[in-house]
Amino acid sequence: MKHQGQCGSCWAFAATGALEAAVSIKSGFSAEDLQFSEQYLVDCDRSNFGNWGCYGGWPSTALGFVTWEGIATTPDYPYSGSEDGVCKRWAPRSRVGIDHLEMSDGSETNLRIMVWQAPSAVCLDASEFALYESGVINKPDCYKQTNHCVLAVGNDVDAGYWILKNSWGSNWGEAGYVRVAMGSNMCGIADYGLRAVVKL
C-alpha cells in the first residue's frame, strides 16, 4: 500500500493509480508490475500544467501532462515524499497512449459505470478521514470542500457503499481502504471522478 507521507501529493497517487489500472486492463500486465512514479509528477508537472507538487493538484492535469511528456516508473524515479523543485528529466520515461479521460461530473451512476470498467480517481472532502478506523462513512453534511484525491476501486450496491483506496499507508483505515456511503454523493465523491482510457 502506497504512502504519500507529509507531501500533499494525493493527486499524483490518484492519477498513477487510475493510469496503472487502465494500462493493466488494456495490456494484461499486473498493475503491481507497472508502478508509475508519483515523484516524477510531483517534481515535473508543477511548472508545466499547473499542479503544485506537495501543495496539491488535480489528477486530470497530471494525466494531461503524461499525455505530452510520458511518465517514469517508480524504480527509475522513486518516491521521496518531498520536493526540491528539480525535475530529473534524464530519467527514462514511458509513453502511455491516453486516448481520453472520462469524468463523472456529479453523477454516481456515471461513476459506477466508470469504476466497473476500471478503478478511477476521485477527489472529495476527506474531513471525515482523519479519525476514520473502519465502517462506512455516512454523514450527509460532510461535503464542505474538495481537499483530497483517492482511487475508487469498487462498490457494493446492495450494501450501499463505495470502496476507496487511500494513499496514507496500510496502517490507516481498513488496511489502507475506506468505505463511503452511496446514493447521495457523499462528501462530493462523484463531483470529480476520472477514468483514463488508454490505447496501446
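1. A disulfide is here a pair of cysteine sulfur atoms within 2.5 Å. The model is predicted, and a search of the whole structure turns up 4 disulfides.

2. One of them links C44 and C87, with an S to S distance of 2.0 Å. The torsion about this S-S bond is about 90°, so the disulfide is right-handed. C44 belongs to helix α3 (residues 38-44) and C87 to the loop between α5 (59-69) and β1, so the bond ties together parts that are 43 residues apart in sequence. C44 counts as buried because its relative accessibility is 2%; C87, at 18%, also counts as buried. The cut-off for buried is under 20% relative accessible area.

3. Where does the disulfide between C123 and C149 lie? Its S to S distance is 2.1 Å, and its torsion of about 100° makes the disulfide right-handed. C123 is in strand β2 and C149 in strand β4, so the pair ties together parts 26 residues apart in sequence. Both C123 and C149 are buried.

4. A further disulfide is formed by C142 and C187, whose sulfur atoms are 2.1 Å apart. Here the torsion about the S-S bond is about -130°, so the disulfide is left-handed. C142 sits in the loop between β3 and β4, and C187 in the loop between β6 (177-181) and β7, so parts 45 residues apart in sequence are tied together. C142 and C187 are each buried.

5. With bonded cysteines counted along the chain, the disulfides follow the pattern 1-3, 2-4, 5-7, 6-8. C10 counts as buried, because its relative accessibility is 9%.

6. Now the sheet. Strands of a sheet pair through backbone hydrogen bonds, either parallel or antiparallel. This sheet is open, has 7 strands in the order β1-β7-β2-β4-β5-β6-β3, and shows mixed pairing. β1 (98-103) and β3 (136-137) stand at the edges with a single partner strand each, so one side of each has no neighbour in the sheet.

7. Strand β2 (residues 120-124) pairs with strand β4 (residues 148-156) in the antiparallel sense, over 5 bridges. Within this pairing, V150 in β4 is the bridge partner of V122.

8. On its other pairing, β4 meets strand β5 (residues 161-165), antiparallel and over 5 bridges. D156 stands opposite Y161 in β5. The two strands form a hairpin with 4 residues between them, and G160 in the turn has a positive phi of about 80°.

9. β5 and β6 are also paired in the antiparallel sense, over 5 bridges. Across from K165 stands Y177 in β6.

10. Which strands does helix α1 lie across? Helix α1 (residues 10-27) lies across β1, β2, β4 and β7 (193-198), and runs at about 40° to β4.

Technical notes:
Residues numbered from 1 in each chain as written. Predicted model: local features only at pLDDT ≥ 70, side-chain atom pairs only at ≥ 80, totals over all residues. Heavy atoms only, no water. Pairing = 2+ DSSP bridges. Contact = heavy atoms within 4.5 Å. Axes fitted to C-alpha atoms, helices over the stretch in contact; angles between N-to-C directions. Buried < 20%, exposed > 50% of the residue type's maximum accessible area, 1.4 Å probe, protein only.
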